[in-house]
Amino acid sequence: MSKDAILGEIRRGLKRGPLPEDQAMALRARLAAHPRHLIPARSRVPRPEQLALFVRNVEKEYGTVAHVAGLADVPAAIADYLAAQNLPTDFAMAPHPELQALPWHLRPMLQMRVGRAQPTDLVSVQHGYAAVAETGTLVLPAAPERPTTLNLLSDTAIVVLRASRVVGAYEEAWDLLRAERNDPVSNGFMPRNVMLVTGPSRSADIESTLELGAHGPRRLHVVLVDDDPAAS
Amino acid sequence: MLATSPAFKENATQALANAGLQKALTRTRPQHPAKRAAAVAALPEFEQLRDIGRDIKNHTIAHLDFYLETWAGNVERAGGKVHWCSTADDARAAVLEICNRVNAKTVTKGKSMISEELGINEHLEQHGITPVETDLGEYILQLRHEPPSHIIGPAFHLNREDWEESFRKAHTDLPADRVFHERRDIMSEARNELRAKFLAADVGITGANFLIAETGSSVIVTNEGNGDLTQTLPRVHIVLASIEKMVPTLEDATSLLRLLARSATGQDFSVYTTFSTGIRRPGDLDGPEEYHVVLVDNGRSAMVGTEFQDMLRCIRCSACMNHCPVYFSVGGHSYGWVYPGPMGAVLTPSLIGIDKAGHLPNASTFCGKCESVCPVKIPLPMLMRHWREREFERHLTPKAVRSNLALWAWFARRPGLYRVATRAAAAMLGWMGRRKGRFHSLPLAGGWTDGRDLPAPEGDTFFARYAREQRAGRV
Ligand code: SF4
């Protein structure tokens, strides 16, 4: 009843009945085409500059970035980071095949629990689906192999990201999802949740002064795997 | 929320005499314009994006019925449920019904202005369910039983002493003699207290910055991560969203997101921008098993087709209040309801009635700053004028009109308020790098004389005073 009342009132305001079919068709075509609007020029730059822009923006937003030459170097990079920050060597890790296949045995000190994050986890290692250079934003769609809690519950969030997955603008990340994902429930492409993460958690609620580490991670560290031949 | 908007004058009097509030206002006043200006300067396309943002919203409103139905279909395809609610009562009942069905004892909440508008917390409490606000600012306001004073920084009016005092009173399990060396210590204490609440909650309630027709998604934008914990950990996620949050596609939402954080906090992008679409999928290790959207009208559909339709474009960025000399003189609480500042002065009369909120469209210097920073180009001063015209046309009651004239007179008779408001306005113009000559029409009275046959305001006196103060270096 409320539904009819709301739609009826809107239509009264618009001085028409339900949208005529030809107009509805045009709108459905717009939804299907999902046209892009203006994309800022800042990310429309050659590939090496795009990657540099991404790193600069992560750092601007109080994140940190470590470059590694290949996936095999990720365990060492994580071990070094944890040691440098004086952090524990055990962590929760996303059950993503790419992460599980890493040569963890090279760093026997590291202890991982594979799965979602628990409230007591101090460190988490997440799989980066993609990232947006425009603002240094990580794109983290929920999936069985990429639990959302890993983005949120730990004190220190580490994200392993391949440089080839860094795009210029958000719109390109949407197109990756559209092309690569088929949702089992909706038959669309959106998973239950997509988090766009730009830097560590923060708040300015106390006296309008910025402090890091509000409810989410205090530290956000990106291990960037230089797998993009176009990048150098 | 009970409106005290009819008592704007009394509220404002108290606000001006409130030393703590004035301290907070003085601290915050210069921050917002500088941050926004820096973010805007770093994005040369910002002005073009404002036109795009306006056009996206106008397109959506012109086809709002179509997009709402399309969106609702997509929510349901993703396993979610839409609860269409015409009134605040309907919405409160829908939320309570879901909470009761799952035997909820505690409910965590992300920041939501709609929740304030509907009075969800009070309603849940009356029915034996404990709501816990998790946004840092909302959390302390809940401890202090205060309403928010700003739509983005709800507790910016508090000072550090207030935080410490409230935390000592509320967190009695902690040592009474603990020391808060830094703001960080206050925040850590809240983080620890709230962690347990996140984990214990049966239901999480968030607002929505956008609803996306293409995908059936709701979007929240936060910096703290509390909204994400709220919607990820409990078994049930309820989204409170009003009908004008709608946009057609992800691309449309993306363009508006480029405007939102820059306009709100001067960030390029907020820390967490999260798109939620339906329920936990097979194999997912976390996320809610139920996803509900309580879709609220509460007076908005009646704005379609009226001179106030433009207000439905508002993306609640707070830029208008952040740049408003009146807001920064009297604070958010003076406005007496959920939405303060210029956007509140236009929206509140639409939602609770001009009879209750008639003062608000008059509490303006008509300096035009709000419109000039609004990311979706809402002509706020013109809409405020429309309200005043409506009052005259409808002859609302001579008493109401008189009382608004009285409001102006009241402003005029109080040099204290005049000075404060003027000082703020002058500072604002200073930030803009504009010529102060703009002031010749008298900030607090210009809007009154405009198109209205009022006795000549005592503006000269006021302006002369302003000039004297300026010469004396006091402005
Ligand atoms: S009216 Fe404009 S400036 Fe004010 S909150 Fe809404 S969108 Fe922002």
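Tutor: Over all chains, the structure holds 50 salt bridges, a salt bridge being a side-chain nitrogen of Lys or Arg within 4 Å of a carboxyl oxygen of Asp or Glu. One of these joins the side chains of Arg11(A) and Asp65(B), with 2.8 Å from N to O. This pair crosses between chains, since Arg11(A) belongs to helix 1 of chain A and Asp65(B) to helix 5 (residues 64-77) of chain B.

Before going further, please note that this is a predicted model, in which local features need pLDDT of at least 70, side-chain atom pairs count only at pLDDT 80 or more, and totals for chains, interfaces and linings use all residues. Residues are numbered from 1 along each chain as its sequence is written, chains are lettered from A and ligands numbered from 1 in the order in which they are written, and side-chain values use heavy atoms, with hydrogens and water left out.

Turning to the interface as a whole, 86 residues of chain A are in contact with 102 residues of chain B, where contact means heavy atoms within 4.5 Å. The size of an interface is often given as the accessible area lost when the parts come together. Here the buried area is about 7800 Å², and carbon and sulfur atoms give 57% of it; the value is the accessible area (1.4 Å probe) that the two parts lose on being put together, summed over both. On the side of chain A, the residues that lose the most area to chain B are Arg192(A), Glu207(A) and His215(A), together 12% of what that side buries.

Charged pairs also span the interface: the rule finds 16 salt bridges across it. Among them, Glu171(A) pairs with Arg258(B), with the closest N and O atoms 2.8 Å apart. The elements of chain A that give two or more residues to the side touching chain B include helix 1 (2-14), helix 2 (21-33), helix 6 (170-180) and strand 9 (193-197). Helices (H or I, at least four residues) and strands (E, at least two) are DSSP runs, numbered from the N terminus. Helix 1 of chain A gives the most to this side, with 10 residues.

By class, the side of chain A that touches chain B has 39 nonpolar, 24 polar and 23 charged residues. In this scheme Ala, Val, Leu, Ile, Met, Phe, Trp, Tyr, Cys and Pro count as nonpolar, Asp, Glu, Lys and Arg as charged, and the others, Gly among them, as polar.
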